[in-house]
Structures are given as C-alpha cells and as structure tokens.
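I opened my notebook to jot down what I looked up in this model. Come along and check each entry as we go.

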Amino acid sequence: MPISSQDIVVLPGGRMDTKNAAAYCGLSVKTLAMMRCKATGPRFIKPGRIFYLQKDLDEWLHRNAAWSTAQARTGKHAD
C-alpha cells in the first residue's frame, strides 16, 4: 500500500491553522481540539481563529519525546 504525504501549509510568521498543525504533529484535528480544552497540547494563539506557531509545535513535540512506552506512560520524557 503506498504511503501518501500531506502538504502542510505554513503561513507567514510560522503560523499554522488547526488542520495543518494537526497534520504536522501526526494528530487528528479533534485530538488537538481536546488537548486545547485540557491544556495538555501545544501552545496556540487565538487572534480570532486558532493558530499554532511552528516553533511551539516543535518544542511541544520535543518535550514529549520518550524512549519507551513505559517512559511515556510515566510522563518522564527524554531530554
């Protein structure tokens, strides 16, 4: 089965809308929305519409990196 890639649109200033931010992080739009509500996801800005900055997504992904599923469950992530 072929693997398809999705084009991710990054707006000026490194902004991404929710759809593109979710694709960038490998999450669904709904998961990202739930994480916003629970304050467990990446930082976002809301000047009307919701946007994510690419640098904030990269920082969040890096902070949540783990070496194993056991490590991910405990919340003690890799540095």
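Over which ring does the charged end of R15 sit? I found the charged end of R15 over the ring of F51, 4.8 Å from its centre. For this I count a charge as over a ring if NZ of Lys or CZ of Arg is within 6 Å of the ring centre and within 35 degrees of the ring normal.

**Ground rules**

I am working with a predicted model, so to speak of local features I need pLDDT of at least 70, and for side-chain atom pairs pLDDT 80 or more, while totals for chains, interfaces and linings use all residues. I number residues from 1 along each chain as its sequence is written, and I take side-chain values from heavy atoms, with hydrogens and water left out.

**Rings**

Next I looked for aromatic pairs, taking rings of Phe, Tyr and Trp (its six-membered ring) with centres within 6.5 Å; planes under 30 degrees apart are stacked, over 60 edge-to-face and the rest tilted. I got 1 aromatic pair by this rule. F44 and Y52 make up that tilted pair, with 6.1 Å from centre to centre and 55° between the planes.

How buried or exposed are its two partners? I use buried for under 20% relative accessible area, exposed for over 50% and partly exposed in between (1.4 Å probe, protein chains only). F44 is partly exposed because its relative accessibility is 37%, whereas Y52 is at 0% and so is buried.

**Overall layout**

I counted 4 helices and 2 strands in the protein. Both come from DSSP runs, numbered from the N terminus: helices are H or I with at least four residues, strands are E with at least two. Reading from the N terminus, I get the order β-α-α-β-α-α.

I find that 22% of the 79 residues count as buried. The protein exposes about 5900 Å², and carbon and sulfur atoms supply 58% of that; the areas come from the Shrake-Rupley method with a 1.4 Å probe, and for residues only the protein chains shown count as cover. For contacts I ask for heavy atoms within 4.5 Å. Among contacts between residues at least 6 apart in sequence, 37% join residues at least 24 apart.

**The core**

Which residues make up the largest nonpolar core? I listed 10: M16, A21, A22, C25, L32, M35, I50, Y52, L57 and W60. The elements that give two or more residues to this core are α1 (18-25), α2 (29-38) and α3 (54-63), and α1 gives the most, with 3 residues. Such a core is a set of buried Ala, Val, Leu, Ile, Met, Phe, Trp, Tyr and Cys residues joined through side-chain atoms within 4.5 Å. I remind myself that in soluble globular proteins nonpolar side chains tend to be buried together.

**Helix α1**

The buried residues of α1 are T18, N20, A21, A22 and C25. I see them pack against β1 (15-17), α2, β2 (51-53) and α3.

A21 is buried, as its relative accessible area is 0%. Leaving aside neighbours within four places in sequence, I find A21 in contact with M16, L32, Y52 and L57. T18 has a relative accessible area of 16% and is therefore buried too; not counting residues up to four places away in sequence, T18 touches V29, L32, R36, I50 and Y52.

After α1 comes G26, with a positive phi near 75°.

**Helix α3**

In α3 I noted D56, L57 and W60 as buried. They sit on the same side of α3 because they cover an arc of only 100° around the axis, the arc being that of the directions from the helix axis to the C-beta atoms. Their cover includes β1, α1, α2 and β2.

D56 is buried, since its relative accessible area is 5%. Its contacts, leaving aside neighbours within four places in sequence, are P42 and R43.

**A positive phi in a loop**

Most residues other than glycine have a negative phi. I found A39 with a positive phi near 60°, in the loop between α2 and β2. A39 is exposed, as its relative accessibility is 70%.
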